[in-house]
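Please read it alongside the sequence and coordinates.

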Amino acid sequence: MPTPRSLRRTNPITIALAAVLIIGFLFFILSSPSDGSSLPVSRSKDTASNALSPPSLPFRKAKSNERTPPPPVVHYHMNNLTTSSDPVTNRETVLILTPLARFYQEYWDNLLKLSYPHELISLGFILPKNKDGNAATAALQAQVAKTQSGPQKKRFASVTILRQDTESPLQSQTEAERHKIENQKARRAAMAKARNSLLFTTMGPTTSWILWLDSDIIETPATLIQDLAAHDKPIIAPNCFQRYYNEDIKMQDVRPYDFNNWIDSPTAKELGAKMGNDEILLEGYAEIPTYRSLMGMMHDSSADPNTEVQLDGVGGTTLLVKAEVHRDGAMFPPFAFYHLIETEGFAKMASRLGWQSWGLPNYLVYHYNE
Amino acid sequence: MLPLHASSPRGKMQRHVYQNGHAAYPLGGSGTFSIQPHKFQPRSQPALRRRRQLLLRLGLITATFFLVALFVFPSLRTGLIPALSLGLFSASEDFQLETVRYYDLNNVQGTARGWEREERILLCAPLRDAAPHLPMFFGHLRNLTYPHNLIDLAFLVGDSKDNTLSLLSDLLTELQAHEDPKQQFGEISIMEKDFGQKVNQDVESRHGFAAQAGRRKSMAQARNWLLSAALRPTHSWVYWRDVDVETAPFTILEDLMRHNKDVIVPNVWRPLPDWLGGEQPYDLNSWQESETALALAETLDEDAVIVEGYAEYATWRPHLAYLRDPYGDPDMEMEIDGVGGVSILAKAKVFRSGVHFPAFSFEKHAETEGFGKMAKRMKFSVVGLPHYTIWHLYEPSVDDIRHMEEMEQERKAKEAEEKAKKERIEKINAQFDNPSSQWDKDKDNIREMAKQEYVPNEEP
């Protein structure tokens, strides 16, 4: 039967040792986290002190009980901003922008798989204010909350979710309806405005690259950003394909999806010359053959995936752009710009500003199949 | 017989008070007060004790493991310490980071009475070698009547050879350190970016015709860099203001906002010295399109830029500046196509939808004029106020300076001439004695003598 030992009978050395140990533990626990340098993930460099800050940066929450000091004067050294072929080593930040109408879980899963350091990635979304948009927002927010409270390594630097009324809400967003030629101009003008809103409000002074990634891109290589940036081109697009069940050969197959990546043709130029100022020339419709060389048709699975081709029009499904291209003013025209609109007009405007567009016909990303 | 009676007899025969068969009172047996068992006998429970020891050991192991884990993964500490210390110690930064933002752009469309709805304004000013004008500009900032906490300031400083950057930084810090929180502004950002512009910023080279197209394109580039880095989803309005505005109403933001137009500019004049007529229209980039100009544009090549105010391109456009009547209604509006950049108030949605300052030839125009053209192309309203005037600083041109030097020389020559004349007279005066005083003396003497002579004559 053990009886409680009297304190007097305990060796004083034991007490002293215990006290030293406790004090040591307390000291260690309370002091070490404050010097952030010892933390494996150091974000203090790219953190804003105030809620009034670029959305591409996380910010420190204001404590409710203290009077907030006035926002500080912040210097951004944009001369030091680089966009190089080795963005990871140079710690270049990437802003991934997605106009979202429907949320696909595969899209989010693919995004999480990207091997580019997540603390260098900011996300921007714009969603319409309608029934579909509300559903998509709810789904998106659930995933964002999950990721941003999950493991440190998977968390993104910041996430911005924008809502905006679309000016011409189309009744149906099904694939067939969306692609009708008469709906295209209004649809793409609204899309261009959404892209511009998203771009110009989320691009911060510290952003180096912009990756346009549509919400229905569900499969890309994990090294997408590194691979595209390695080419060191101002604007670069991979080839967007779609997986489907081929009835002829009775098995899964791939087919080209995005026809907005093209090289201009004399026929298209002639057609443009004859058009009125506000008319646009669309690609991928049998009604107006343009004879442009489409990147979708240049795919050769056996060839080098690093093959580059110079493009005159680009699509927005997946597109890596150096931020300076957008900063110089290249945007997505919501009107007929040289008879082009949205992403195709963007390529034209960028070329007017002296920035060339490039494509990788043998590097594939995959679109959702409805 | 009813089935109820058939089943009841056993129930009625119940003799016990309690259903479980015990009697209400102990009935005989071991006596009234006997308790079984008869003495206290602590049950030996080695199993329970062993279990307790096991629990204790498990707890110790967990605690040790936990402490070791804290050692190995420092990131765990951030989450645990506030819980352990009951929030007495503030959590580390990482734990307090906010990474998700949600904005509804429908709330920032811009309305006529923005100050009541707490609409934020982004004030943009591109700067280059602007140090001499900064103190004046900050005076204007302090005087603005629009709530300062709703104004975010953004500057782009580039290719400056003077102390613009350090002066700007000092003035801004001073501005934010104001003890009255109502005087403090919102977000303040300074973008430092050199574009390597070759054009000088002095008046003559800035306004020469040949340099205009290139200069306007690089100005446009600077403006776009500034805007794209500073525009936030919280902004309802964007105000572009040159630092060299000398006089402007304190209420200019509210005055322009009240018109509720997508893009609006006031008239910009500048004061002149009297010998040049006292005042002069300054900003000729706000104009209405004319048939002549459209026809002219047709003939030019793709990269040509029409610049207004030069004899090389006679456009015959009605200019906002020339339509000013000093006594006219300041609220009068005029539809315009090209805008000048001295003071532009635009709804942020204009910029969000993609309108910018073309750094290429857009419909044969660049920078602010191209901005007006592009806004029109996207069906936004672009308006000028011919009778609402702000005054640009007067910086004498080379011709003016030459003329002023001539005038100064003339004045000096005249002064010298007068001085010489004066000196000559003095010299003459000094060399030749003035005879008049002697004359007066002699005259007095004679008169005295005459008097004396006369008096004796009278006496006899």
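**Salt bridges, burial and confidence**

1. In this predicted model, Glu279(B) forms a salt bridge with Arg324(B), their closest N and O atoms being 3.5 Å apart; the term requires a side-chain nitrogen of Lys or Arg within 4 Å of a carboxyl oxygen of Asp or Glu. Glu279(B) lies in strand E9 (residues 279-281) of chain B and Arg324(B) in the loop between helix H10 (291-299) and strand E10 (334-335) of chain B, so the pair ties together parts that are 45 residues apart in sequence. Helices (H or I, at least four residues) and strands (E, at least two) are DSSP runs, numbered from the N terminus. Glu279(B) is partly exposed, at a relative accessible area of 36%, whereas Arg324(B), at 16%, counts as buried (buried is under 20% relative accessible area, exposed over 50%, partly exposed in between, with a 1.4 Å probe and protein chains only).

2. Arg317(B) forms a salt bridge with Glu289(B), with the closest N and O atoms 2.9 Å apart. This pair links distant parts of the chain, 28 residues apart, with Arg317(B) in the loop between H10 and E10 of chain B and Glu289(B) in the loop between E9 and H10 of chain B. Both Arg317(B) and Glu289(B) are buried.

3. Salt bridges that share partners also join Arg188(A), Arg195(A), Asp214(A), Glu342(A) and Glu344(A) into one network. Over all chains, the structure holds 36 salt bridges.

4. For chain A, the mean pLDDT (the predictor's confidence in each residue, from 0 to 100) is 85, and 87% of the residues reach 70 or more. Confidence is lowest in helix H4 (residues 175-178) of chain A, at a mean of 61, and highest in strand E13 (residues 318-322) of chain A, at 95. Over residues 32-44 of chain A, pLDDT stays under 50, and the model has 16 contacts (heavy atoms within 4.5 Å) beyond four places in sequence for that stretch. Where pLDDT is low, the predicted coordinates should not be read in detail.

5. Chain A contains 9 helices and 14 strands, and 51% of its 370 residues count as buried. Among its contacts with a separation of 6 or more, 77% are between residues 24 or more positions apart.

6. On conventions, residues are numbered from 1 along each chain as its sequence is written, while chains are lettered from A and ligands numbered from 1 in the order in which they are written. Local features need pLDDT of at least 70 and side-chain atom pairs count only at pLDDT 80 or more, whereas totals for chains, interfaces and linings use all residues, and side-chain values use heavy atoms, with hydrogens and water left out.
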